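Visitor: Please walk me through this structure, one question at a time. I would like to see how each answer is reached.

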Amino acid sequence: MNLMHYWRAMWGIIGRELWRFVTQRERFISALVRPLVWLFVFAAGFRAALGLAITPPYETYILYEVYITPGLIGMIQLFNGMQSSLSMVYDREMGSMRILMVCPLPRWFLLLSKLLAGTGVSILQVYVFLGISWFYDIHAPWQGYLWILPALVLSGLMLGALGLLLSSFIKQLENFAGVMNFVIFPMFFMSTALYPLWKMKESSAFLSQLAQYNPFSQAVEMIRFALYGQFNQQACLYTLVAFVVFMAAAIVGYNPSKGMMVKKGGG
Amino acid sequence: MKHKVLIGVLTATLATTLLGLARAETVFVTLEKDNALAVVDPAAGTLVKTVPIGQRPRGIALSPDNKQLYIATSDENTIKIVDANSFKILGKLPSGEDPETFALNPAGDKLYVSNEDDSLVTVIDIAKKKVIKKIKVGVEPEGITVSPDNKWLISVSETTNMVHWINTKNNTIEANTLVDPRPRAASFTADSQQLWVTSEMAGTVMILDSQTQQVIKTISFEVSGITNDKIQPVGVVIDKDRNRAYVALGPANRVAVINAKTFEVEKVLLVGQRVWNLAFSPDQKHLYTTNGVSNDISLIDLDTQTVTKSVGVGTYPWGVAIKP
């Protein structure tokens, strides 16, 4: 088993994911429409909603559109992460997962490749979204568009790992609606994606605590700071730790002898 | 070749340093409620210090030699002369009751004060610290300015809705122009050809021709997401080449950027709450705004036309003056 095998397997997985993404035009468009609807419709209605308080990384007053842009980037990655886990469930139902899993390479490597593939796709979506929002007068310093890349890789991996972990629990595609209700929505709404922590604190201290410890919030804050050329160490570490935990759990979950698949009677 | 590169690098470094020095201006802001003067370093974007200055300071101006500040301390019924470096109070001018806004003539030897409650404009000889004349104007005079060619002294009265054209030679009113309700501030273009006047209640800016004293254009504003009653223009400044004018829109929390040739509103910039007064940096590359309710000033980069920073200064920032 040499490096070439690893390379080939990884490109096989990433290539398949990219190919899927490029050929399924509806998926590409729908992935973009979701954040754009939020930006053009939801944010427009809340233009003055933020009131007044300048919080880092911002140095002056901003419109609501500007505030939620990093949150919507997080949303793209969150949905993308969940979508690739959905495809895992589908793969398992269709049997193509078995082909992947019997590949003579470590399972963690295969899962990581799958994650990287999903993250790559989400980053493409994010840059297209940023391009469109540029014409909507949402401008960040040019360095920010470079700094955001490593942040997107980490946040994409973390959210993807969470998706993988969830997919190891789900036996049938129909159960995915539960993920929507119990994971995506609470994660998205109980975060700093739509409103800053200080605003949440005004209404509920408990909610703001939940939001603070929500890994999605930390990923969004990491992206927000990176977009303005700043490094948020705490958010970065938190996201990294969350990734490691989710990934480790997903690897265990996908282990046929110990994982969830055994408990539920195999894939 | 190596030498050329070295010289190039050195020149670049020197140029950068000089540019840095060129932006070493100081921003002075009067704090109406803190009874103080805030000193801001705009390059660093920080409040350097706050100096107690007197009761309810509002109007502020810098002498042409940049050595003295004139600050209207409204509740002390005087205009204080303050050293622009040491902030020592050098003297007081007899401004009359409740001075708010005032203007210096281009030579810097005369000061004209609006006395809102008495419907007067007081003319003061700065060197003698004496009142030369009190000119009866309309009810509640507010905005006041002198044309750069020193021909006209302008006083706008808020309640009479009038612009008074006062001849600076004999200090008498030569003409009056009726304008939109509650005119607040007035500014001349650098060539003295046009006078821009803001109307707080109509939400407009009127451009008057200095020759005919007639309104030649009225500009209205629209800000998406903001109701029209919130758009209350106050401060107005026009750049020296008459390319662009900037208008503070009060509770709309925006500064409007107007093409001064076509009179079209090009964009609006989000600043702090209740923006009233504006001042250019000496090189006119930056604009500074005082935001009365959010207790800060906003720094605008005019090359990119973006608000780069808002700096907290103290309670109720009112007037702003820039020292090179």
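Guide: Gladly! Helices (H or I, at least four residues) and strands (E, at least two) are DSSP runs, numbered from the N terminus. Please keep in mind that this is a predicted model.

Visitor: Where does B:Asn150 lie in chain B?
Guide: Look at the two strands around this residue: S12 covers 141-146 and S13 covers 152-157 of chain B.

Visitor: Where is the place of B:Asn35, and what phi does it have?
Guide: B:Asn35 comes between strand S1 (26-31) and strand S2 (36-41) of chain B, in the loop that joins them. B:Asn35 is not a glycine, yet its phi is positive, at about 55°.

Visitor: Which strands of the open sheet in chain B stand at the edges, and why?
Guide: Four strands make up this open sheet, with antiparallel pairing and the order S3-S2-S1-S28. The twist from one strand to the next averages 25°. An edge strand has a single partner, so one of its sides is left without a neighbour in the sheet; here these are S3 (46-52) and S28 (317-323).

Visitor: Which residue in S2(B) does B:Val27 stand opposite?
Guide: S1(B) and S2(B) pair in the antiparallel sense, over five bridges. Within S2(B), the residue opposite B:Val27 is B:Val40.

Visitor: Which residue takes a positive phi in the hairpin of S26(B) and S27(B)?
Guide: Strand S26 (residues 296-301) and strand S27 (residues 306-312) of chain B are antiparallel, with six bridges. B:Ile300 faces B:Val307 across the pair. The hairpin has four residues between its strands, and the one with a positive phi, near 50°, is B:Gln305.

Visitor: In chain A, what is the hand of the crossing of H1(A) and H5(A)?
Guide: The axes of H1 (residues 3-23) and H5(A) come within 9 Å and cross at roughly 35°. The crossing is right-handed.

Visitor: How do the residues of the contact of H2(A) with H5(A) divide?
Guide: The axes of H2 (residues 25-45) and H5 (residues 107-134) of chain A come within 10 Å, crossing at roughly 35°. H2(A) contributes A:Ala31, A:Leu32, A:Pro35, A:Leu36 and A:Leu39, while H5(A) brings A:Gln125, A:Val128, A:Phe129, A:Ile132 and A:Ser133. They divide into eight nonpolar, two polar and no charged.

Visitor: Which form does the peptide bond from A:Pro56 to A:Pro57 take, cis or trans?
Guide: A:Pro57 is found in the loop between H2 and H3 (64-94) of chain A. Omega for the bond from A:Pro56 is near 5°, and the bond is cis.

Visitor: How many residues does the contact take from chain A and from chain B, and what ipTM does the predictor give the complex?
Guide: Chain A gives eight residues and chain B eleven. On the side of chain A, these divide into five nonpolar, one polar and two charged. The predictor gives the complex a pTM of 0.83 and an ipTM of 0.75.

Visitor: Which element of chain A has the lowest mean pLDDT?
Guide: Chain A averages 84, with 91% of its residues scoring at least 70. Among its elements, H10 (residues 215-227) has the highest mean, 95, and the lowest, 52, belongs to helix H12 (residues 260-263).

Visitor: Over which residues of chain B does pLDDT stay under 50?
Guide: Chain B has a mean pLDDT of 91, and 93% of its residues reach 70 or more. One stretch stays under 50 and has one contact beyond four places in sequence: residues 16-22.

How values were computed:
Residues numbered from 1 in each chain as written. Chains lettered and ligands numbered in written order. Predicted model: local features only at pLDDT ≥ 70, side-chain atom pairs only at ≥ 80, totals over all residues. Contact = placed C-beta atoms within 7 Å. Nonpolar A, V, L, I, M, F, W, Y, C, P; charged D, E, K, R; others polar. Pairing = 2+ DSSP bridges. Axes fitted to C-alpha atoms, helices over the stretch in contact; angles between N-to-C directions. pLDDT = per-residue confidence, 0-100. Left-handed = near helix turned anticlockwise from the far one by under 90°.
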